[in-house]
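Here is a short tour of a protein model for you to follow with the structure open beside you.

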Amino acid sequence: MSHHHEIVEALQQIGYRLTPQRMMILDAIASGDGHTSAEEIHEAVRAAYPYLDISTVYRTLGLLKALHLVSETDLGSGHAQYELLSKGLHHHLICRECGGILDVDNSFLNPLRQAIDQEHDFHAEIEHLAIFGMCNACNANLRG
Ligand SMILES: [Zn+2]
Ligand SMILES: [Zn+2]
């Protein structure tokens, strides 16, 4: 619930009302085990709001994303997965062979952020990065 509290405050500070629908959508993202698709969010919210259509879910996700409250990342499934940014910045290494996902600490990206800032005068917002490649086990299998 502490995540909600921050998000409610963040929305109110910039003048957005947290409607019951938006609250339900946040709940659905928060109660998922990390990454949740728009379809899964839609399913979860429809239990309480049968007439909620998926375009409302996408609109709300767009708003939450623009406010940097939620990250939107394709982790290889072909559609976006959503995650609350208030859970802490992290990134993922995703194996193309087995689909395994490893978490990467946010501090790994600080040298990249600094380099981009210095070389390009650009402030990179790297909130939830998916890096595709191959895990060691799959790499060993392929090499036989
Ligand atoms: Zn994640
Ligand atoms: Zn693998």
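## The nonpolar core

The largest nonpolar core of this predicted model has 16 residues. Those with the most contacts inside this core are Ile-25, Ala-28, Ile-29, Ile-41, Leu-61 and Val-70. Several elements each supply at least two residues of the core: helix 1 (2-13), helix 2 (20-31), helix 3 (38-46), helix 4 (54-66) and strand 3 (80-84). Helix 2 provides the largest share, with five residues.

Leaving aside residues up to four places away in sequence, Ile-25 touches Ile-41, Val-45, Val-57 and Thr-60.

## Helix 4, face by face

Now turn to helix 4.

Which residues of helix 4 are buried? They are Val-57, Thr-60, Leu-61 and Leu-64. If you look down the axis of helix 4, these buried residues fall within an arc of 100°, and therefore they line one face of the helix. Their packing partners are helix 2, helix 3, strand 2 and strand 3. On the face turned away from the buried side, you will find the exposed residues Ser-55, Gly-62 and Ala-66. After helix 4 comes His-68, which has a positive phi, near 60°.

## A look at Ala-44

Ala-44 sits in helix 3. Is this residue buried, exposed or partly exposed? Ala-44 has 18 other C-beta atoms within 10 Å; a buried residue would need 20 or more and an exposed one 12 or fewer, so Ala-44 counts as partly exposed.

Gly-32 lies twelve residues from Ala-44 along the chain, and the C-alpha atoms of the two are separated by 9.8 Å.

Stepping back, the domain assignment divides the chain into domain 1 (1-87) and domain 2 (89-144). Taken over C-alpha atoms, the centres of domain 1 and domain 2 are 24 Å apart.

How many residues does each domain bring to the contact? Domain 1 brings eight and domain 2 brings nine. On the side of domain 1 that touches domain 2, strand 2 (residues 70-74) gives the most, with three residues. The residues on this side of domain 1 comprise two nonpolar, four polar and two charged.

Note on methods: Residues numbered from 1 in each chain as written. Chains lettered and ligands numbered in written order. Predicted model: local features only at pLDDT ≥ 70, side-chain atom pairs only at ≥ 80, totals over all residues. Domains from an automatic or database assignment. Contact = placed C-beta atoms within 7 Å. Helix = DSSP H or I, 4+ residues; strand = E, 2+ residues; numbered from the N terminus. Nonpolar A, V, L, I, M, F, W, Y, C, P; charged D, E, K, R; others polar. Core = buried A, V, L, I, M, F, W, Y, C linked by C-beta atoms within 7 Å. Arc of directions from axis to C-beta.
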